[in-house]
Amino acid sequence: MASPFYAQVYALVRQIPPGKVMTYGQIAWLLDKPQGARAVGWALHQLTPEMDVPWQRVINAQGKCSTFLQLSSDYTQQERLEREGVLFDEKGVTDLQQYQWHPPNALIDAILNNV
DNA sequence: GATCTGACCACCG
DNA sequence: CCGGTGGCCAGAT
């Protein structure tokens, strides 16, 4: 990992429970980079399916999938989330108020301390 | 070391 | 409501 920031992003994303989602900006903010949303996008862009990170649970601040590129399999990001119980409307928008996950502070602290 | 680019976000018209 | 613009961060060239 070139930067601990990447590892932190991955560690946090792995903790997102099924049926929940987080936004890029939220992740960046939790990792003490309030303006680092784009960096989070980069971290996820570097991911591979073999890394076993549920990147599909990370969406943009508008409640939509950032990309509809099929990156790894037969299903789109949205279809994967729908399987987990995250429902989208006809515009591909989900209700962040309902599905957004707020990790416990202890977890954030552990990740920031590189545990 | 400088410049470009990107799976973003907030703001403004 | 939708599209354009600026800004921040990290990686790639």
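Leaving aside neighbours within four places in sequence, with which residues is K20 in contact? The analysis concerns a predicted model, in which local features need pLDDT of at least 70 and side-chain atom pairs count only at pLDDT 80 or more, while totals for chains, interfaces and linings use all residues. Residues are numbered from 1 along each chain as its sequence is written, chains are lettered from A and ligands numbered from 1 in the order in which they are written, and side-chain values use heavy atoms, with hydrogens and water left out.

K20 lies in the loop between α1 and β1 (22-23); helices (H or I, at least four residues) and strands (E, at least two) are DSSP runs, numbered from the N terminus. Beyond its neighbours within four places in sequence, K20 is in contact with R57, V86, Q98, Y99, Q100 and W101, contact meaning heavy atoms within 4.5 Å. K20 has a relative accessible area of 28% and is partly exposed, a class between buried (under 20%) and exposed (over 50%), for a 1.4 Å probe and protein chains only. Its C-alpha atom is separated by 20 Å from that of H45, 25 residues apart along the chain.

Helix α1 (residues 4-14) packs with helix α6 (residues 105-112) at an angle of about 150°, the axes being 10 Å apart. This makes α1 roughly antiparallel to α6. Axes are lines fitted to C-alpha atoms, for helices over the stretch in contact, and angles run from 0 to 180 degrees between N-to-C directions; those under 35 degrees count as roughly parallel, over 145 as roughly antiparallel, 65 to 115 as roughly perpendicular and the rest as oblique. On the α1 side, Q8, A11 and L12 meet L107, I108, I111 and L112 of α6. The residues of this contact comprise six nonpolar, one polar and no charged. Nonpolar residues are Ala, Val, Leu, Ile, Met, Phe, Trp, Tyr, Cys and Pro; charged ones are Asp, Glu, Lys and Arg; the others, Gly among them, are polar.

With helix α3 (residues 37-45), α1 packs at an angle of about 75°, again with the axes 10 Å apart. The two helices are therefore roughly perpendicular. Here F5, Y6, V9, Y10 and V13 of α1 meet A39, V40, W42, A43 and L44 of α3, and the contact has 10 nonpolar, no polar and no charged residues.

In helix α4 (residues 77-84), the buried residues are Q77, R80 and L81. These cover an arc of only 95° around the axis, which puts them on the same side of α4; the arc is that of the directions from the helix axis to the C-beta atoms. The buried residues of α4 pack against β2 (58-59). Just after α4, G85 takes a positive phi of about 110°.
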